[in-house]
Amino acid sequence: MTATTGTTGIRAQSQDAGLAEALVDLSHHVLHLFADAGREDRLSQQQVELVCAVIVRGSVGMTELGRLLHVEKSNLSNLVDRLEQRGLVVRTRDPNDRRATQVTLTDEGTAVAMRVYHDVTGRVRRLLQRLPLDDQHNLAAVVRKIVRDEPA
């Protein structure tokens, strides 16, 4: 096994032929796409992730949002507070569990969420167009398997 260290960082070559490093690079690239998509609306990368999660799933509980975004409860509350102050989301009590809080997009929040969601997915699609269609299908299947099989 070889590794390069110093100002260029660590790049270990292992049995996965650099797949782990490539996936880490891809995840960073996608996070930058979220950040870029939110720039016009003055949204942070995490705020874009949150509104995209809500636009895809509909009203989402705070616990589920925390799990989806990998954000601690206090940080999530601050994130939702800022979006609520901007009039993009509202918190409501879950009708099935009065202790639980749901996050829902306002009309303005829905418009913003749709715009940034389509921006992010459009940018990802343009990246994927570089791949042959068979590779795109294979990659989609592999990604679904990785995500589905990931322990909670």
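This is a predicted model: local features need pLDDT of at least 70, side-chain atom pairs count only at pLDDT 80 or more; totals for chains, interfaces and linings use all residues.
Local features were required to have pLDDT of at least 70 and side-chain atom pairs pLDDT 80 or more, whereas totals for chains, interfaces and linings use all residues. Residues are numbered from 1 along each chain as its sequence is written, and side-chain values rest on heavy atoms, with hydrogens and water left out.

Helices (H or I, at least four residues) and strands (E, at least two) are DSSP runs numbered from the N terminus, and two strands are taken as paired if DSSP finds at least two bridges between them. By these criteria, 3 strands form an open sheet with antiparallel pairing, in the order 1-3-2. Strand 1 (60–61) and strand 2 (89–94) each have a single partner strand and stand at the edges, so one side of each is left without a neighbour in the sheet. Strand 2 and strand 3 (residues 97–105) run antiparallel and are joined by 6 bridges. Within this pairing, R93 stands opposite T101 in strand 3. Helix 2 (residues 45–57) lies across strand 1 and strand 3, and runs at about 100° to strand 3; axes are lines fitted to C-alpha atoms, for helices over the stretch in contact, and angles run from 0 to 180 degrees between N-to-C directions.

The loop between strand 3 and helix 5 (107–128) contains T106. Residues are classed by relative accessible area as buried (under 20%), exposed (over 50%) or partly exposed (in between), with a 1.4 Å probe and protein chains only. At 18%, T106 is buried. Contact means heavy atoms within 4.5 Å. When neighbours within four places in sequence are left aside, T106 is in contact with G87, L88, V89 and V90.

A nonpolar patch on the surface is formed by L19, L23, L26, L131, L139, V142, V143, I146 and V147, which together have about 740 Å² of accessible area. Patches are made of residues with over 30% relative accessible area and no salt bridge, like charges being joined within 9 Å and nonpolar side chains (Val, Leu, Ile, Met, Phe, Trp, Tyr) within 5 Å; accessible areas come from the Shrake-Rupley method with a 1.4 Å probe, and for residues only the protein chains shown count as cover. Helix 1 (19–39) and helix 6 (133–149) are the elements that give two or more residues to the patch. Helix 6 supplies the largest share, 5 residues. V142, found in helix 6, is partly exposed at 46% relative accessible area.

A search of the whole structure finds 8 salt bridges, each defined as a side-chain nitrogen of Lys or Arg within 4 Å of a carboxyl oxygen of Asp or Glu. In the salt bridge between D81 and R91, the closest N and O atoms are 2.6 Å apart. This pair links distant parts of the chain, with D81 in helix 4 (residues 73–85) and R91 in strand 2, 10 residues apart. D81 is partly exposed at 29%, and R91 is partly exposed at 29%.

D36 forms a salt bridge with R39, with the closest N and O atoms 2.7 Å apart. The two residues are 3 apart in helix 1, and are therefore separated by about one helical turn. D36 is partly exposed at 29%, whereas R39 is exposed at 55%. In helix 5, R123 and D119 lie 4 residues apart, about one turn of the helix. Their closest N and O atoms are 2.5 Å apart in a salt bridge. R123 is partly exposed at 24%, as is D119 at 24%. Salt bridges that share partners join D36, R39, D119 and R123 into one network.
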